[in-house]
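Reader: Hi! I'm new to this one, could you walk me through it?
Author: Happy to. Let's bring it up and begin with a single residue.

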Amino acid sequence: MGWDEPVVRGGLTAGGAGLITFLLWEWFCPFPLLELRVFRSRSFVGGFVLTLSMGGGLYASTYLIPLYLQQVGHLSASTAGLMMLPAGLAMAATFPFAGRMTDRVSRAIPILCGGLLFAASCVLIALADLGTAVMLLALWILLGRIGLGLMMPPITAGALMTLEPHLVPQASGAVNFGRQLGGSFSVSLISIVLDAAAGTHAAGYALLDEAERRAALGHGFHVAFLALAGVLALSLLALLLMPRGPARDARQDGARDAR
């Protein structure tokens, strides 16, 4: 189904109209589900953009990696899932360390390091070939998850801690919403990129033999992982909107930002 199909155009139009209606309702509603006033803060906008990107990187890579391991690496579903397990545990173990870093150094440091680690992980997976060892792939996946673990606490702290106290609950909900929204968009968009690069819906794809299909899929995943790395690296520019100091100095940065 292409972009010119009436169903696609109708869905996009209805979705756009629904989004505009929702934003207008939230703006005038006395008790909004999403408090739009939090977007007046430059720090929150920067954190929200990074949250979108980070959530997108998390969900899109969780979608891409197992597919890549199964369709290109010819691993079983259980083996592909087990390769994701150490990376998930490593990401969870990174959270406390990243939280302590957020209190002691500039939030830009763990966010930047984490973003570059995740982007490097995607590039390394994109450059892998059939001769790449499985353990090496598992290590690259783990590096990406450590990078995401480094990003999450300082992004949340940077987005919330410069706001007025009565806006923090609403802003916290908006951050969580942004993470899920980024994940939803990223999985849909990365699927389109993968399909377009691999040509899986092209007329000639069905005529390819197994080796040619595997090569086409490999190219598609190569482009998809590079696109994911590029988008997350580009989103790091949002750091320019956020205060530079440790979390304990965020209130002072927020006061200057308000002035």
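Predicted model: local features only at pLDDT ≥ 70, side-chain atom pairs only at ≥ 80, totals over all residues.

Reader: Where is Ser186, and is it buried or exposed?
Author: Ser186 sits in helix 6. Its relative accessible area is 13%, so Ser186 is buried, the cut-off being under 20%.

Reader: Let's zoom out. How many helices and strands does the chain have?
Author: There are eight helices and zero strands. Read from the N terminus, the order is α-α-α-α-α-α-α-α.

Reader: What are the dimensions of the box that the C-alpha atoms fill?
Author: Roughly 65 × 45 × 30 Å, taken along the principal axes.

Reader: And how much of the chain is buried?
Author: Of the 259 residues in the chain, 42% are buried. As for the surface, the chain exposes about 13,500 Å², and carbon and sulfur atoms supply 70% of that area.

Reader: What share of the contacts links residues 24 or more positions apart?
Author: Such pairs account for 79% of the contacts with a separation of 6 or more.

Reader: Okay, what's in the largest nonpolar core?
Author: That core has 45 residues, and Tyr68 and Phe225 are the ones with the most contacts inside it. Helices 2, 3, 4, 5, 6 and 7 each supply at least two residues of this core.

Reader: Which residues does Tyr68 touch?
Author: Leaving out neighbours within four places in sequence, Tyr68 is in contact with Gly73, Ile125, Ala128, Leu137, Phe221 and Phe225. Apart from the core that holds Tyr68, there is another core of 12 residues, including Leu36, Phe44, Leu163 and Ala174.

Reader: Can we switch to helix 5? How many of its residues are buried?
Author: 19 of the 27 residues in helix 5 are buried, so by that count this helix is mostly covered.

Reader: Why does the length of helix 5 agree with what it should span?
Author: At 1.5 Å a residue, its 27 residues should span 39 Å, and the end C-alpha atoms are 40 Å apart, so the two agree.

Reader: What about Met152, where is that and what does it touch?
Author: Met152 is in helix 5. Setting aside residues up to four places away in sequence, Met152 touches Met54, Leu58, Met91 and Phe95. Met152 counts as buried because its relative accessibility is 13%.

Reader: How far is Met152 from Val7?
Author: Their C-alpha atoms are separated by 37 Å, and the two residues are 145 residues apart along the chain.

Reader: Back to serines: where is Ser53, and what is it in contact with?
Author: Ser53 lies in helix 2. Beyond its neighbours within four places in sequence, Ser53 is in contact with Val231, Leu232 and Ser235. With a relative accessible area of 11%, Ser53 is buried.

Reader: What about the loop between helix 2 and helix 3, which residue is found there?
Author: His74 is one of the residues in that loop. Its phi is near 55 degrees, a positive value in a residue other than glycine. His74 is partly exposed, because its relative accessible area is 43%.

Reader: Last one! How many positive and negative side chains are there?
Author: The chain has 16 positive and 14 negative side chains, and the centres of the two sets lie 14 Å apart.

Methods:
Residues numbered from 1 in each chain as written. Heavy atoms only, no water. Core = buried A, V, L, I, M, F, W, Y, C linked by side-chain atoms within 4.5 Å. Buried < 20%, exposed > 50% of the residue type's maximum accessible area, 1.4 Å probe, protein only. Helix = DSSP H or I, 4+ residues; strand = E, 2+ residues; numbered from the N terminus. Contact = heavy atoms within 4.5 Å. Expected span 1.5 Å × (residues − 1). Areas by Shrake-Rupley, 256 points an atom, 1.4 Å probe, with all protein chains shown as cover. Lys, Arg positive; Asp, Glu negative; His and termini not counted. Charge placed at Lys NZ, Arg CZ, Asp CG, Glu CD.
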